[in-house]
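Welcome! Try each task before reading its solution.

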Amino acid sequence: MGRKWEYGDFRQLGCDEKGASGMATKRLARQLGLIRRKSIAPANGNLGRSKSKQLFDYLIVIDFESTCWNDGKCHRSQEIIEFPAILLNTSTGEIESEFHAYVQPQEHPILSEFCMELTGIKQAQVDEGVPLKICLSQFCKWIQKIQQQKKIIFATRVSDISTSEVKLCAFVTWSDWDLGVCLEYECKRKQLLKPVFLNSWIDLRVTYKIFYRRKPKGLSGALQDVGIEFLGREHFGLDDSRNTALLAWKMIRDGCLMKITRSLNKVPTKRNPNIFTRNLNMDQVEEISACNSNIHDPSIYGGLELPNQKGQCVSQLRVWILEQDSLGFNLSTSSY
């Protein structure tokens with residue numbers, strides 16, 4: 001129950017206790033707090049304040065372009081034709097590295113006119129591109145390079161380096177489609193081994209909606225709402241990725257804490273904590289061991305291998321627990 005309004009309160013508003021003397025009812029109601037103006041401020045009220053301490057030191061923004069049609073038919077086999085990635089420093093807002101490749105579609109090698117008009121990607125560019133398997137290998141070589149240069153680790157890929165010496169990194173997409181649908185199902189259809197670190201990501205569209213308390217009207221509309229003009233061509237993957245990085249940096253400066261919103265890794269349900277404890281102590285270690293033994297295919301991962309040093313599983317579980325905390329499982333109080 002709110003406090004009782006005293007006579008002095010009404011006098012300050014320019015009216016008496018019996019009514020609005022010379023003041024519009026709507027204005028009075030607004031000043032009494034009974035109605036509010038539509039706000040564009042974030043849910044935590046941090047708009048305009050200094051950025052908060054982030055869980056991740058770096059974000060890698062990905063925005064695929066794929067084969068598409070406008071013929072009214074249901075096409076279930078979209079293929080990636082552009083694979084961009086942008087490395088964003090969450091402390092400075094700088095884009096420190098970029099990866100970009102055109103990918104050669106194999107199931108539908110001829111692009112539709114609609115696809116070329118929408119994305120700006122030409123048939124000759126994908127013809128000169130590489131198959132997805134080779135593109136993933138090139139991408140992993142780029143990942144390996146920035147890991148070595150900047151001591152970056154992912155939630156599913158850690159060594160026994162002390163946490164003070166390494167920097168956590170997460171992937172960011174605009175919606176779950178890129179990593180949860182497009183890449184996931186194309187790798188399954190083509191029987192390609194997908195890098196395990198691409199199993200978890202931040203959906204910036206969902207994060208934006210929760211943080212600013214409004215539904216974005218696409219990436220361009222979201223940028224416009226926060227005072228940023230879209231730079232480049234929409235639906236061109238590299239430009240989309242760069243603009244998504246700009247939006248992420250703006251949200252960080254407004255006080256948004258970036259957290260993992262989706263993971264394809266096996267996560268136990270909240271309903272039975274005993275299941276989680278069993279998976280953490282046994283199944284998770286077994287899964288890590290399986291990854292170590294099955295991920296050494298250089299044709300897929302560009303020679304990138306998981307470390308096998310002593311204590312590697314314990315270190316990996318620590319970061320894995322941090323990831324689950326960001327998903328809402330609150331495991332940081334566990335003894336590990």
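**Exercise 1.** How many aromatic pairs does a search of the whole structure find?

*Solution.* Start with the rule: rings of Phe, Tyr and Trp (its six-membered ring) pair if their centres lie within 6.5 Å; planes under 30 degrees apart count as stacked, over 60 as edge-to-face and the rest as tilted. The search gives 14 aromatic pairs. This is a predicted model, in which local features need pLDDT of at least 70, side-chain atom pairs count only at pLDDT 80 or more, and totals for chains, interfaces and linings use all residues. Residues are numbered from 1 along each chain as its sequence is written, and side-chain values use heavy atoms, leaving out hydrogens and water.

**Exercise 2.** Classify the pair formed by Phe-154 and Phe-197, and say whether each residue is buried or exposed.

*Solution.* Step two: buried means under 20% relative accessible area, exposed over 50%, partly exposed in between (1.4 Å probe, protein chains only). Phe-154, at 2%, is buried, and Phe-197, at 4%, is buried.

**Exercise 3.** Which residues do ring pairs link into a cluster?

*Solution.* The cluster holds Phe-64, Phe-83, Phe-99, Phe-139, Trp-142, Phe-154, Phe-171 and Phe-197.

**Exercise 4.** Which residues does Ser-175 touch, not counting residues up to four places away in sequence?

*Solution.* Taking contact as heavy atoms within 4.5 Å, Ser-175 touches Trp-201, Asp-203 and Arg-205. To finish, check its accessibility: at 10%, Ser-175 counts as buried.
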